[in-house]
Amino acid sequence: MNLKQLEYFSAVAEAKSISLAARNLHVAQPPISRQLALLEDELGVCLFLRTNKGVELTEAGRSLYRQSQNLFQDMRMIVDSVRDINAGMRGLLKIGMIYSNISIALQYLKEFRAQYPQVELYVRLGSPGDLLEDLNKGDLHLLFLRSSSERGSGLHERILGEDPLELVMIRDLDPAPDQASVPLEALKGVPMCLLRSDDLWGYSNYLIKECQRQGFTPNTTFRCYDTPMAMQLVQAGFGVSYLPRSIVETQPHLGLYTKPIQGISVLSYPTLVWSSKSVLWPLCQAVSGLCLKGGCREIEVKKPELRIPYQYCK
C-alpha cells in the first residue's frame with residue numbers, strides 16, 4: 001500500500017465514481033482501477049460496492065477512508081511545520097471562536113496582525129464542542145472560548161478577562177428606564193428571551209433561580225438555541241435577554257444596550273485555548289503572548305473534567 005493508492009482511493013470514495021475521480025485528478029481511468037484492484041488484493045477486502053450509479057464504500061472501505069484522512073492530515077501538518085521553520089513567523093493560522101467572543105477576539109487578532117503581517121488568518125465560528133474536536137484533530141490551531149467549556153487533556157488555556165452578565169434590551173422594553181441598573185423585582189412579568197435550559201454556561205438557569213428566590217418565575221417567552229437568535233429576538237421586541245455584556249458589540253447596528261441587575265454580579269471568562277501538539281506552536285504562543293499585557297495567566301489543563309476556577313483570573 002502506498003500514498004498514491006490512498007490518494008486514488010480517497011478521490012473515488014469522495015466522488016463515488018471512478019470516472020469522475022479520474023477527471024478530478026487529471027489522470028486516465030485505467031491506472032486508478034488498477035491501483036484500486038491492487039489495494040484490495042493486498043488488504044484482502046472489498047473496498048467498494050459497484051452500483052448502477054457508481055460506487056459506494058463498504059464497511060472496510062469506510063474504515064480505510066477515515067484512517068487515510070487522518071494520515072493525509074498528519075502529512076499536511078508535517079509539511080506546514082517544516083515550511084514554517086524555514087520561513088519564520090509565516091503560515092496559515094486557523095482560529096475558531098464562539099459568537100459571544102467575536103468582539104474580544106478581534107481586538108487581539110488586530111494587534112497580532114499588526115505584529116505578524118506575513119501570517120494569514122483563517123477564522124470560523126462554531127459551537128464549543130465542534131471547535132474543540134477540530135482543535136484536537138489539528139484542523140484548527142487555537143480557539144477563543146468561554147471558561148466553562150469542556151476541555152481535553154494536553155491543552156493550554158489563557159483567561160483573557162472578565163465579562164459581566166447583564167440584561168440585553170431595547171429602549172421600549174427597558175424594565176427600569178430611569179435607572180442605571182435594574183432591580184430584580186422589576187423583571188416580574190417582563191417577557192424574556194433566554195438561552196435554552198441546557199446551555200453550556202448556565203446563564204439562564206442562574207437568572208431563573210435568582211428570580212425564584214424573590215418569589216416569582218421569569219416570563220420566558222422564547223428559549224433560544226444560541227446567542228445570535230436571542231439578540232435578534234430582543235431587537236425585534238419580543239423581550240429582554242441575559243448575556244455577557246460584550247456581546248452587544250458584535251452587532252452595534254441593532255440598537256441594543258445592556259444594564260446590570262441590582263445585587264447580582266455574575267462574570268463570564270473569555271479564554272484562549274491551544275494545543276501543545278500544534279505544528280504552529282510558535283504562532284499560537286505569539287497570540288497568547290499578547291494576552292499577557294492584560295494580566296492574563298496561562299494554565300495547562302491536566303484532566304478532561306477540569307473546570308477553570310475563578311481565582312485564576314485577575
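User: Which helix holds Gln-5?

Analyst: Gln-5 lies in helix α1, residues 3–15. Helices here are DSSP runs of H or I with at least four residues, strands are E runs of at least two, and both are numbered from the N terminus. The model is predicted: local features need pLDDT of at least 70, side-chain atom pairs count only at pLDDT 80 or more, and totals for chains, interfaces and linings use all residues. Residues are numbered from 1 along each chain as its sequence is written, and side-chain values use heavy atoms, with hydrogens and water left out.

User: Why is Gln-5 called buried?

Analyst: Its relative accessible area is 6%. Buried means under 20%, exposed means over 50%, and partly exposed is in between (1.4 Å probe, protein chains only). Gln-5 therefore counts as buried.

User: What makes the pair Gln-5 and Gln-35 a polar contact?

Analyst: Their side chains are joined at 3.1 Å. A polar contact is a pair of N or O atoms within 3.5 Å; within protein, one must be able to donate a hydrogen and the other to accept it, and residues adjacent in sequence count only if both atoms are side-chain atoms.

User: Which residues does Gln-5 touch, not counting those up to four places away in sequence?

Analyst: Gln-5 touches Gln-35, Leu-38, Leu-39 and Glu-42. Contact means heavy atoms within 4.5 Å.

User: Is Cys-193 buried or exposed, and how do you know?

Analyst: Buried, because its relative accessible area is 0%. Cys-46 has 40%, so it is called partly exposed.

User: Why is His-26 called exposed?

Analyst: Its relative accessibility is 73%, so His-26 counts as exposed. This residue is in the loop between α2 and α3 (29–43). His-26 also has a positive phi, about 60 degrees, although it is not a glycine.

User: How many helices and strands does the protein have, and what share of it is buried?

Analyst: There are nine helices and 14 strands. Of the 314 residues, 46% count as buried.
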